[in-house]
Amino acid sequence: MSPTDFAGRGPVLGVIGWSGSGKTTLLELVVARLAASGLRVNVVKHSHHDVMLEPPHKDSARMRAAGAAEVMIASPYRVAIMRELRGAAEPSLAEHLARLAPADLTLVEGYKWEALPKLEVYRPDVGKPPMFPGDPHIVAVASTMARPQGLAPQVAWLDLLDADAVLRWVRQFNGLPA
């Protein structure tokens, strides 16, 4: 499987794993290193929880509570858009990606069910089974355990504790400069 270029906006790579496996720590390092090298990196983070970005008494929260469909908060430092779904279906990953600016790489944390190339972060000590045996879209696994026998040769096996090796794989797989 090759990188997915979403509508000319750049490659998209999913990063999946159970809670406590180290996904966010790994993503933080990868994003920081890629951004420091001058690359534009977007991140989509899926959450199963209600997302609260501002205190309920702030103007933007009051406008959402009043019934606004979307509220944009804009400053010289950042822009955020809050959209109230009000019972509508959660937008698809494709819809979220379409709202993002083009980037050298977009990393997607979560969305395990999506058909896109994925890097699984797997730690046996978390006590959950690996996902790579049942997901044909997993193209690499970053783990603290040795590569299991019988794993398809096209699935890259990376040492989760060797951040440089994981970063090299991310760059190579997505066609990014070294």
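## Aromatic pairs and ring contacts

Tyrosine 122 is buried, with a relative accessible area of 8%. The model is a predicted one, and the values below are computed from it.

A pair of aromatic rings is described by the distance of the centres and the angle of the planes. Rings count as paired if their centres lie within 6.5 Å, and planes over 60 degrees apart make the pair edge-to-face. By this rule there are four aromatic pairs. One of them joins tyrosine 122 and phenylalanine 132: the ring centres are 6.3 Å apart and the planes stand at 80 degrees, so this pair is edge-to-face. Tyrosine 122 belongs to strand 7 (residues 118-122), while phenylalanine 132 is in the loop between strand 7 and strand 8 (138-143); the pair therefore ties together parts that are ten residues apart in sequence.

Phenylalanine 132 is also buried, at a relative accessible area of 12%. Its ring forms an edge-to-face pair with tryptophan 157 as well, with 5.3 Å from centre to centre and 85 degrees between the planes. Because phenylalanine 132 lies in the loop between strand 7 and strand 8 and tryptophan 157 in strand 9 (residues 156-159), this pair ties together parts that are 25 residues apart in sequence. Tryptophan 157 has a relative accessibility of 17% and so counts as buried, the cut-off being under 20%. Through these ring pairs, Tyr122, Phe132 and Trp157 are linked into a cluster.

Tryptophan 18 takes part in another kind of ring contact, with the charged ends of two lysines sitting over its ring. The table gives the distances.

| Charged residue | Ring | Distance of charged end from ring centre |
|---|---|---|
| Lysine 112 | Tryptophan 18 | 4.6 Å |
| Lysine 128 | Tryptophan 18 | 5.1 Å |

Where is arginine 40 found? Arginine 40 is in the loop between helix 1 (23-36) and strand 3 (41-45). With a relative accessible area of 43%, arginine 40 is partly exposed, a class that lies between the 20% limit for buried and the 50% limit for exposed.

Which residues does arginine 40 contact, leaving aside its neighbours within four places in sequence? They are Ala101, Pro102, Ala103, Asp104 and Leu105. For alanine 103, the separation from arginine 40 is 63 residues in sequence and 5.1 Å in space, C-alpha to C-alpha.

How values were computed: Residues numbered from 1 in each chain as written. Predicted model: local features only at pLDDT ≥ 70, side-chain atom pairs only at ≥ 80, totals over all residues. Heavy atoms only, no water. Phe/Tyr/Trp six-rings, centres within 6.5 Å; stacked < 30°, edge-to-face > 60°. Helix = DSSP H or I, 4+ residues; strand = E, 2+ residues; numbered from the N terminus. Buried < 20%, exposed > 50% of the residue type's maximum accessible area, 1.4 Å probe, protein only. Lys NZ or Arg CZ within 6 Å of the ring centre and 35° of its normal. Contact = heavy atoms within 4.5 Å.
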